[in-house]
Amino acid sequence: MSESLKELETLQPVDLDAGETFSGKTSKRTVRGFASASSFTPDLKPEYVFHDSSHDAVVWFMDSSDPLYVFGPAGSGKTSLIKQLAAKLNYPVFDITGHGRLDFPDMVGHLTVEDSNMSFLYGPLALAMKFGGLFLLNEIDLLDPATVAGLNGILDGDPLCIPENGGEIIKPHPLFRFAATANTNGGNDETGLYQGTLRQNLAFMDRFWLCEIGYPKPKAERELLHRKAPGLPKEVRTKMVEFANEVRKLFMGEADGNFRDTIEVTFSTRTLIRWADLTVRFQPLARQGIQPVTYALDRALAYRATPETRTVLHELAQRMFPQQEENEK
């Protein structure tokens with residue numbers, strides 16, 4: 001048995017106070033977790049800010065009778081949210097990302113050669129069911145509906161049968177959890193922004209508890225930038241958050257005013273942090289007449305866009321950061 005499997009066998013489920021775990025205040029409400037983290041548990045990020053959309057996911061972890069389907073726009077932090085909540089409970093997370101060629105065996109496992117012998121290598125789904133933990137299926141709406149239909153029994157709480165491993169039957173561990181993330185709600189992508197997504201089977205979707213995640217509120221992102229880039233002036237951090245939300249409106253086709261055309265890139269919170277970080281690093285360029293905010297914007301986001309979109313981003317930046325340009329003249 002591998003060291004990883006031995007480690008998973010030692011995990012001890014415990015009852016935790018939900019309020020103390022998630023907010024630091026005792027609530028006398030219980031949530032199940034593990035006594036200690038494992039090498040499969042995501043690292044807890046002290047600077048992570050849980051925004052309002054996290055309430056539903058917290059409640060799900062406290063009473064997860066059904067699997068969870070988390071959907072929302074690109075870069076809204078769906079996967080990060082689930083992983084950070086799992087980290088607070090010391091849950092091992094076994095994740096996999098959906099794509100057009102992903103098959104059921106990729107999730108369950110396969111035979112392999114080890115020390116000249118054939119052995120079965122458990123996949124992420126089998127590990128989560130066998131030892132307890134969170135199976136996280138990212139971008140589930142990129143999967144063929146016929147493939148995900150093979151998960152119906154698992155979603156209903158049935159055991160997993162692995163014929164390739166001598167007919168092993170794995171009953172779901174009491175702390176087995178199933179969560180999926182996607183950009184769509186499993187129906188059609190009416191925005192046309194998420195190419196490759198597929199409408200999922202209605203019976204499959206009926207098994208999920210749905211949770212919509214939006215972008216964090218400006219206050220939460222301002223607080224996050226304060227923690228990640230304290231060297232930037234407060235007014236610059238505030239303008240960056242406003243700029244990111246303007247770009248998101250353009251991406252979603254919800255902008256008004258002078259910029260109304262939809263663009264093909266958007267700001268995730270991760271990109272916003274990268275932009276702030278690069279702006280700090282490129283501050284010395286201001287002495288050469290180079291605008292650090294715009295210079296960093298290109299490297300954080302705009303270089304991924306078409307020339308037309310890049311022009312739109314620069315015009316928007318010049319409108320929202322005029323003070324920086326004047327200071328450098």
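1. A pocket, as the word is used here, is an open set of points on a 1 Å grid over the protein atoms alone, with protein on both sides within 12 Å along at least five of seven lines, and its lining residues have an atom within 4 Å of a point; grid points are joined across faces, edges and corners, and a volume is the space filled by probe spheres set on the points. The largest pocket has a volume of about 960 Å³, and of the 38 residues that line the largest pocket, G75, G77, S80, S268 and R270 are the closest to its centre.

2. The model is a predicted one, in which local features need pLDDT of at least 70 and side-chain atom pairs count only at pLDDT 80 or more, while totals for chains, interfaces and linings use all residues. Residues are numbered from 1 along each chain as its sequence is written, and side-chain values use heavy atoms, with hydrogens and water left out.

3. The protein chain contains 15 helices and 11 strands, these being DSSP runs numbered from the N terminus (helices H or I, at least four residues; strands E, at least two). Of its 329 residues, 47% count as buried, where buried means under 20% relative accessible area, exposed over 50%, and partly exposed in between (1.4 Å probe, protein chains only).

4. Returning to the lining of the largest pocket, α4 (78-88), β10 (176-182), α10 (218-228) and α12 (269-281) each supply at least two residues, and the largest share, five residues, comes from α4.

5. The structure holds 11 salt bridges, each defined as a side-chain nitrogen of Lys or Arg within 4 Å of a carboxyl oxygen of Asp or Glu. One of them joins E168 and K130, whose closest N and O atoms are 2.8 Å apart; because E168 lies in strand β9 (residues 168-170) and K130 in helix α6 (residues 124-131), the pair ties together parts that are 38 residues apart in sequence. E168 is buried, with a relative accessible area of 16%, whereas K130 is partly exposed, at 31%.

6. Two further salt bridges lie within helices. R227 pairs with E223, with the closest N and O atoms 3.0 Å apart, and these two residues, four apart in helix α10, are separated by about one helical turn. D277 and R281 also form a salt bridge, with a closest N and O separation of 3.0 Å, and both lie in helix α12, four residues apart; D277 is partly exposed, with a relative accessible area of 27%, while R281 is exposed, at 58%.

Technical notes: 1 Å grid on protein atoms, 1.4 Å probe; cavity = no way out; pocket = protein on both sides within 12 Å on 5 of 7 lines; lining within 4 Å.
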